[in-house]
Amino acid sequence: MEISQEIQTLTEIIQRVFNSSHGTTIPTRTPRFISWEPLEMDQVALNIDESVTDTTVGVGGIIQSHDGRWIMRFCSHTTSREILEVELLAIFEGLRLCWEMNLRAIRCMTDSSLAMQYITRGVPQFHRYVVLVK
């Protein structure tokens, strides 16, 4: 059985157990299958994410070599509470660190499709995030 089929089967089991014990139903979503592609020999991976709680906001990530070895990890706090801004700050900080280490072939991985859209397509001249994505 393929891994994707196993995941789908496990998801269905979890939903049945939850529904029978709580008398409610879990909203179902159409599964999205994602994949990972190995890096080229000269590439590094920049994996970033943000964390926002009631009391703290943090950004962080890791930089890995093409074979998965950790080159660096980073984290910091920020005062912004807007998720997109925090995600962009994490990407900015990760790219800045890569640049300082003379790493130029970077594959940036984030869970924010909007952040990547802003970075790859740009934003209007007076957009509030123009400084972060320019």
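The turns below set some labels against their criteria.

Guide: Note that this is a predicted model. The protein has 4 helices and 4 strands, in the order α-β-β-β-α-β-α-α from the N terminus.

Visitor: What makes S2 largely enclosed by the rest of the structure?

Guide: Buried means under 20% relative accessible area. In S2, 8 of the 8 residues are buried, so the strand is largely enclosed by the rest of the structure. Val57, Val59, Gly61 and Ile63 point one way, and Gly58, Gly60, Ile62 and Gln64 the other way. For the whole protein of 134 residues, 28% count as buried.

Visitor: How do you know that S1 and S2 pair?

Guide: Pairing requires at least two bridges between the strands. S1 and S2 run antiparallel and are joined by 8 bridges, so by the criterion of at least two they pair. Leucine 46 stands opposite isoleucine 63 in S2. The two strands form a hairpin with 4 residues between them.

Visitor: Which residues touch the most other members of the largest nonpolar core?

Guide: Of its 22 residues, these are Ile48, Ile63, Leu84, Leu88, Tyr118 and Tyr129. Helix H2 (83-100) is one of the elements that give two or more residues to this core, and the largest share, 7 residues, comes from H2.

Key:
Residues numbered from 1 in each chain as written. Predicted model: local features only at pLDDT ≥ 70, side-chain atom pairs only at ≥ 80, totals over all residues. Heavy atoms only, no water. Buried < 20%, exposed > 50% of the residue type's maximum accessible area, 1.4 Å probe, protein only. Core = buried A, V, L, I, M, F, W, Y, C linked by side-chain atoms within 4.5 Å.
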